[in-house]
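Let us learn to read a structure by asking about one feature at a time. Keep the sequence and the 3D view open.

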Amino acid sequence: MDDHTVAVDTAQTPTALTFADTFNVAVPFIDRHLAEGRGAKVAIRDAHGDVTYSQLAADVNRAGNALAALGLERSDRVLMVVKDCPLFFYLFWGAIKAGFVPVPLNTLLRAPDYRFVIENARAACIVWSPEFAGEVEPALAAASHRPAHALPADGAGDTFAARLAAASDALEAAPASADDPAFWLYTSGSTGTPKGGVHRHRDMVVTSQYFAADTLGVRANDIHFSAAKLFFAYGLGNAMTFPLWTGGTAVLSAGRPTPASTFATIEAFRPTVYYGVPTLYAAQLQALERASPDLSSVRLCISAGEPLPAPLLERWRTATGLDIVDGIGTTESLHIFISNRPGRVAPGTSGTPVPGYAVRLVDDDGRDVAEGETGNLLIRGQSLIAEYWDEPERTAAAFDGAWMRTGDTYTVDEAGCYVCCGRSDDMLKVGGIWVSPVEIEARLIAHEAVLEAAVVGRADDDGLIKPEAWIVPAEGHAPAARLSEALVDHCKAGLARYKYPRWVRYVDALPKTATGKIQRYKLRGGG
């Protein structure tokens with residue numbers, strides 16, 4: 001094979017992927033399209049216009065050169081707090097092609113979260129969309145480590161966009177191997193402290209081929225629209241790597257995904273593949289009771305992030321005539337590794353393993369469970385992270401040889417489909433985003449009216465999990481609706497907004513072990 005190429009043999013099951021000894025993943029995802037005559041085709045569409053594959057390749061090169069001109073060294077981290085827009089593509093792929101490591105960050109975080117990541121990653125550069133300056137700039141001011149280069153993405157003055165525009169559009173791909181680090185994604189830990197998952201150059205090829213091409217049957221004429229943002233592992237695949245791998249088109253929307261905004265985007269850009277999360281599908285169903293958007297372009301709906309309740313799927317089918325292909329993935333695996341199939345959806349299940357992945361269900365001692373029993377879900381595949389950055393103990397705890405513990409509890413039904421039974425720990429998935437109960441509890445306890453707090457997951461009317469707070473009031477503070485409103489506002493002000501408790505309940509004491517540890521499982525059962 002030539003340098004930086006990947007051989008794809010679809011005659012084998014699963015598809016055989018063979019990587020060149022020298023392999024920079026930006027080449028097959030960006031440069032390949034010019035060699036294959038796709039330069040004039042539209043790669044990205046948004047409200048500001050279209051970007052062709054030729055323009056994409058040129059601006060990726062400019063971005064890589066702009067970063068190199070800053071004096072960055074190989075493998076330096078480039079933090080990205082960037083909205084969904086073409087510049088995200090340029091910066092992400094330009095960094096990889098030039099030999100640097102992009103680290104997309106959740107744009108919903110608060111200053112303390114950004115401060116932690118800035119310090120933890122020891123980043124050399126950070127670029128942020130001006131919309132997020134209110135959280136990023138205080139984080140930079142407070143951080144003990146300050147990146148050598150901190151630039152707004154665009155706007156007036158010295159911005160990354162301005163430096164990109166002035167850079168050369170010619171760039172040779174930095175030598176790398178399929179197993180070298182290419183990018184990081186941060187995921188929340190059980191204490192609320194993020195962990196940096198180190199992904200390799202091969203990982204995006206693996207997920208794009210095995211899930212997008214082989215499982216979903218995505219084609220070059222597909223137009224992809226993801227309500228999940230690019231900073232998510234889920235959104236990164238949906239809206240960027242899947243269309244680029246298959247030669248399709250990505251539709252981007254920078255704003256917050258709501259039923260109105262997603263329906264408007266679908267009507268305007270006519271996507272054929274739509275990616276959502278159960279919480280949004282539920283909200284869209286409510287909107288469909290009083291609106292009739294034209295969804296006729298969509299041939300395939302995908303869901304992940306949290307289990308899709310069977311009644312929600314049935315309601316969606318009735319309202320739209322479309323199935324939703326649900327599956328499970330993790331930041332550590334980069335994308336979905338168990339999934340239903342188009343035309344073969346089993347409601348209430350995550351489906352069956354995606355080609356290229358193996359799964360096991362084991363008990364707490366690591367032994368495979370008997371048929372029909374619940375077990376801890378382990379996975380094996382080529383897209384798993386190499387490690388958690390600077391966290392050898394967490395890395396060792398997550399892996400059992402080539403197998404990685406997901407933290408989910410599953411069982412297998414009579415048809416061989418995997419059914420989620422919840423988390424093996426206390427973490428919550430809220431709107432497809434991990435939430436640590438410890439983080440919410442710490443915020444609640446900071447309020448003068450709270451003596452103790454515990455947070456658990458509770459299903460709403462659609463069967464979707466949201467945080468519920470159990471409060472022991474401080475002396476002199478009586479339970480009341482006004483206090484509940486104050487506590488919710490307190491959480492919204494200090495945490496990412498999706499983390500606030502949807503319900504507040506008051507008790508005289510929290511259930512605890514003999515050593516004083518809160519027994520959240522008792523609260524999940526109603527106290």
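Q: Are Phe 225 and Tyr 274 buried or exposed?
A: This is a predicted model, so every answer here is a reading of a prediction. To call a residue buried, look for under 20% relative accessible area. Phe 225 is buried, and Tyr 274 is buried too.

Q: How is a pair of aromatic rings read, and how many aromatic pairs does the structure hold?
A: Take the distance between ring centres, then the angle between planes. Under 30 degrees counts as stacked, and over 60 as edge-to-face. The structure holds 15 aromatic pairs. Start with Phe 29 and Trp 93. Their centres are 5.1 Å apart and their planes meet at 25 degrees, so this pair is stacked.

Q: Which parts of the chain does the pair of Phe 29 and Trp 93 tie together?
A: Phe 29 belongs to helix α1 (residues 26-35) and Trp 93 to helix α3 (residues 86-98), so the pair joins parts 64 residues apart in sequence. Phe 29 has 0% relative accessibility, so it counts as buried. Trp 93 also counts as buried, because its relative accessible area is 0%.

Q: How do the rings of Phe 225 and Tyr 274 pair?
A: Their pair is tilted. The centres are 5.7 Å apart, with 35 degrees between the planes. Phe 225 sits in strand β11 (residues 223-226) and Tyr 274 in strand β13 (residues 273-276). The two are 49 residues apart, and the pair links distant parts of the chain.

Q: Which residues do ring pairs link into a cluster?
A: Follow the pairs from ring to ring. The cluster holds Phe 29, Phe 88, Phe 92, Trp 93, Phe 183 and Trp 245.

Q: Where does a charged end sit over a ring?
A: Look above the face of the ring. The charged end of Arg 360 is over the ring of Trp 403, 5.2 Å from its centre. Another case is Arg 502, which lies over the face of Tyr 500 at 4.1 Å from the ring centre.

Q: What does α1 pack against?
A: Pick out the buried residues, then find their partners. In α1 the buried residues are Ala 26, Val 27, Pro 28, Phe 29, Ile 30 and His 33. They pack against several elements, including β1 (6-9), α2 (53-69) and α3. Just after α1, Gly 37 has a positive phi of about 80 degrees.

Q: How many residues does the largest nonpolar core have?
A: In soluble globular proteins, nonpolar side chains tend to be buried together. Here the largest core has 165 residues. Among those with the most contacts inside it are Leu 56, Phe 89 and Trp 93. Helix α3 gives the most to this core, with 10 residues. A second, separate core has 8 residues, including Trp 470 and Leu 523.

Q: Where is His 335, and why does it count as buried?
A: His 335 is in the loop between β15 (324-329) and β16 (336-339). Its relative accessibility is 3%, so His 335 counts as buried. The side chain of His 335 reaches the backbone oxygen of Tyr 234 at 3.1 Å. Leaving aside neighbours within four places in sequence, the contacts of His 335 include Thr 207, Phe 211, Asn 238 and Ile 328.

Methods: Residues are numbered from 1 along each chain as its sequence is written. This is a predicted model: local features need pLDDT of at least 70, side-chain atom pairs count only at pLDDT 80 or more; totals for chains, interfaces and linings use all residues. Side-chain values use heavy atoms; hydrogens and water are left out. Rings of Phe, Tyr and Trp (its six-membered ring) pair if their centres lie within 6.5 Å; planes under 30 degrees apart count as stacked, over 60 as edge-to-face and the rest as tilted. Helices (H or I, at least four residues) and strands (E, at least two) are DSSP runs, numbered from the N terminus. Buried means under 20% relative accessible area, exposed over 50%, partly exposed in between (1.4 Å probe, protein chains only). A charge sits over a ring if NZ of Lys or CZ of Arg is within 6 Å of the ring centre and within 35 degrees of the ring normal. A polar contact is a pair of N or O atoms within 3.5 Å; within protein, one must be able to donate a hydrogen and the other to accept it, and residues adjacent in sequence count only if both atoms are side-chain atoms. Contact means heavy atoms within 4.5 Å. A nonpolar core is a set of buried Ala, Val, Leu, Ile, Met, Phe, Trp, Tyr and Cys residues joined through side-chain atoms within 4.5 Å.
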